[in-house]
Amino acid sequence: MAKHGQVSRRDIQVVNLDPAAEYFDYDVMADIRDLIHLDDVLEDENTRFGPNGGLVYCMEYLMANIEWLREQLGEAEDDYILFDCPGQIELYTHMTVMKDFIETLENWNFRVCGIFVIDTMFMVDTSKFISGSLAALSVMVNLTIPHVNVLSKMDLLNKKTRKTVLRQNRKVKVTEADFDPSCFLCVVQGSWPPTLRT
């Protein structure tokens with residue numbers, strides 16, 4: 001995204017909020033690992049968290065020390081600041097830590113939009129597609145911000161599957177009149193209703 005910003009003459013800065021991130025090939029404006037690192041939490045004898053609990057702890061620690069982030073951001077006047085967040089779904093679906101983080105950003109006069117990145121493997125299998133779609137909807141409802149779903153890892157699909165996914169997305173145009181609540185039964189029955197089939 002930062003490279004795209006350079007090409008389109010927009011200033012995009014990145015803030016890493018994933019305390020478990022191991023490597024990324026872009027510069028960051030701020031990095032939560034300078035405040036707290038998942039490995040430190042996992043190794044701490046007093047916390048005894050596993051990876052999921054450790055991520056939750058790190059995000060709660062960030063919220064308890066939110067002024068650290070404000071100092072890191074400074075008086076940024078960039079066009080966009082991209083907050084790269086951890087991928088643990090619980091942080092977004094039924095916990096308040098990310099909602100509280102968003103409210104803090106809004107109180108700092110940020111205009112926030114969420115990007116939900118979903119693996120393309122969710123587009124290949126019907127039950128996974130429904131599961132992924134409902135997870136995205138849950139995040140959207142919980143965070144109450146403008147929300148965009150983005151498919152990732154298209155390059156990992158084989159050529160035939162990639163063509164199928166792209167073809168299906170071009171052909172299927174669902175309108176309110178097409179929606180049939182029985183389509184959720186297709187997961188159990190293993191097929192799509194006629195209005196949604198390609």
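This is a predicted model: local features need pLDDT of at least 70, side-chain atom pairs count only at pLDDT 80 or more; totals for chains, interfaces and linings use all residues.

Student: Okay, so at what angle do α3 and α6 pack?

Tutor: Helix α3, residues 51-64, packs against helix α6, residues 97-107, at an angle of about 30°, and their axes are 10 Å apart. Since angles under 35 degrees count as roughly parallel, that makes α3 roughly parallel to α6.

Student: Which residues in α3 and α6 meet?

Tutor: From α3 come Met59, Glu60, Leu62 and Met63, and they meet Val97, Met98, Asp100, Phe101 and Thr104 in α6. The residues of this contact divide into six nonpolar, one polar and two charged.

Student: Switching topic: in what order do the strands of the sheet come?

Tutor: The three strands form an open sheet in the order β2-β1-β3, with parallel pairing. The edge strands, each pairing on one side only, are β2 (30-31) and β3 (80-84).

Student: And over how many bridges do β1 and β3 pair?

Tutor: Strand β1, residues 12-16, pairs with β3 over five bridges, and asparagine 16 has aspartate 84 in β3 as its bridge partner.

Student: How many aromatic pairs are there in the whole structure?

Tutor: A search finds five aromatic pairs. In one of them, phenylalanine 83 and phenylalanine 101 have ring centres 5.6 Å apart and planes at 80°, so the pair is edge-to-face.

Student: What does that pair tie together?

Tutor: Phenylalanine 83 lies in strand β3 and phenylalanine 101 in helix α6, so the pair ties together parts that are 18 residues apart in sequence.

How values were computed. Residues are numbered from 1 along each chain as its sequence is written. Side-chain values use heavy atoms; hydrogens and water are left out. Axes are lines fitted to C-alpha atoms, for helices over the stretch in contact, and angles run from 0 to 180 degrees between N-to-C directions. Helices (H or I, at least four residues) and strands (E, at least two) are DSSP runs, numbered from the N terminus. Angles under 35 degrees count as roughly parallel, over 145 as roughly antiparallel, 65 to 115 as roughly perpendicular and the rest as oblique. Contact means heavy atoms within 4.5 Å. Ala, Val, Leu, Ile, Met, Phe, Trp, Tyr, Cys and Pro count as nonpolar, Asp, Glu, Lys and Arg as charged, and the others, Gly among them, as polar. Two strands pair if DSSP finds at least two bridges between them. Rings of Phe, Tyr and Trp (its six-membered ring) pair if their centres lie within 6.5 Å; planes under 30 degrees apart count as stacked, over 60 as edge-to-face and the rest as tilted.
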